[in-house]
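Here is a short tour of a protein model for you to follow on screen.

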Amino acid sequence: MASEFHAPSLNDFFPPAVLFEGTPFELDRLMLIRILMSAVLVLVMLAAFRRPQLVPRGLQNVAESGLVFVKEQICDEVLGKESGKKFFPLIASIFFTVLFLNASGVIPGLNISSNARIGMPLVLAVVAYVTFNYVGIKKYGFLKYMRSSIVVPNVPPALHVLLIPIEFLSTFVLRPFTLTVRLMANMLAGHIMLVLFFSATQFFLFSATWMTVFSPFSLLAGFGFTLFELLVVFLQAYVFALLTAVYIGLAQHADSH
């Protein structure tokens with residue numbers, strides 16, 4: 001039995017190809033999970049709003065509650081009602097995409113979030129990055145938007161030598177980087193911790209009989225961390241959508257630096 005124990009590693013996130021190996025359309029287990037959870041999201045929304053009722057019930061009520069949360073607690077709160085309504089479809093799409101892809105990390109049989117690999121977080125970060133820069137450039141023009149974003153007013157001229165590079169890095173480099181890494185790192189760490197706890201339980205029970213007494217503790221820790229991971233699944237979706245809205249709002253008011 002000891003030979004069957006496999007400690008968690010980064011190899012979990014780069015499994016072998018399942019379909020179309022060696023082609024541009026190669027699919028591994030994580031890609032299939034990503035496609036599956038995306039399909040589930042689409043089907044859930046279609047089922048919820050296929051025949052909408054004036055008084056929502058069941059799945060429609062759950063879906064509407066989620067949409068109302070995004071609208072009121074993120075879009076309207078950060079951007080105001082007018083701009084919030086304009087960007088609601090984008091921010092809601094980001095929120096629910098991150099939420100459903102994260103959720104696969106705690107679903108038995110799937111047990112991993114495809115957001116734990118950099119591809120999808122990077123795509124979502126690029127969407128947010130392009131959107132808030134487009135908003136700023138459209139409102140102010142390229143040169144005024146850049147100047148308003150990186151030049152801090154009312155400071156001694158000598159400080160601009162220091163502040164302009166810092167503001168440029170903060171606005172145009174670190175924002176997409178932190179959006180990407182925050183989501184990926186949290187889901188990666190969560191998966192490794194869950195695998196570690198449940199693998200330890202297997203090891204204590206079957207591979208090291210004199211350590212069997214420790215198996216209930218590692219099992220309880222695994223269940224406890226699963227509950228914590230459910231919170232992280234939601235929080236990461238909320239934070240990603242919230243920061244997207246914040247960056248759009250900052251771009252809309254770049255001249256109020």
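This is a predicted model: local features need pLDDT of at least 70, side-chain atom pairs count only at pLDDT 80 or more; totals for chains, interfaces and linings use all residues.

Residues are numbered from 1 along each chain as its sequence is written, and side-chain values use heavy atoms, with hydrogens and water left out.

**The whole chain**
- The protein chain has six helices and two strands; helices (H or I, at least four residues) and strands (E, at least two) are DSSP runs, numbered from the N terminus.
- Starting at the N terminus, the order of elements is β-β-α-α-α-α-α-α.
- The C-alpha trace spans about 70 × 55 × 40 Å along its principal axes.
- Of the 257 residues in the protein chain, 38% are buried (under 20% relative accessible area, with exposed meaning over 50% and partly exposed in between, using a 1.4 Å probe and protein chains only).

- Helix 1 (residues 29-49) has 21 residues and reaches 30 Å from its first C-alpha to its last, close to the 30 Å expected (1.5 Å times one less than the number of residues).
- Leu30, Ile33, Arg34, Met37, Leu41 and Ala48 are the buried residues of helix 1.
- Seen down the axis of helix 1, these buried residues fall within an arc of 105 degrees, so they line one face of the helix (the arc is that of the directions from the helix axis to the C-beta atoms).
- On the face turned away from that buried side, helix 1 carries the exposed residues Leu43 and Leu46.
- Helix 2 (residues 58-103) has 46 residues, yet its end C-alpha atoms are only 20 Å apart, short of the 68 Å that a straight helix would reach.
- At Gly80, helix 2 bends by about 125 degrees (the angle between axes fitted to the seven residues ending there and the seven starting there).

**The largest pocket**
- The largest pocket holds about 210 Å³ of space; a pocket is an open set of points on a 1 Å grid over the protein atoms alone, with protein on both sides within 12 Å along at least five of seven lines, and lining residues have an atom within 4 Å of a point.
- Grid points are joined across faces, edges and corners, and a volume is the space filled by probe spheres set on the points.
- Among the residues lining this pocket are Pro108, His191 and Phe198.
- Helix 5 gives the most to the pocket lining, with five residues.

Note on methods. On a 1 Å grid over the protein atoms alone, a cavity is a set of points where a 1.4 Å probe fits but cannot get out, and a pocket is an open set with protein on both sides within 12 Å along at least five of seven lines; lining residues have an atom within 4 Å of a point.
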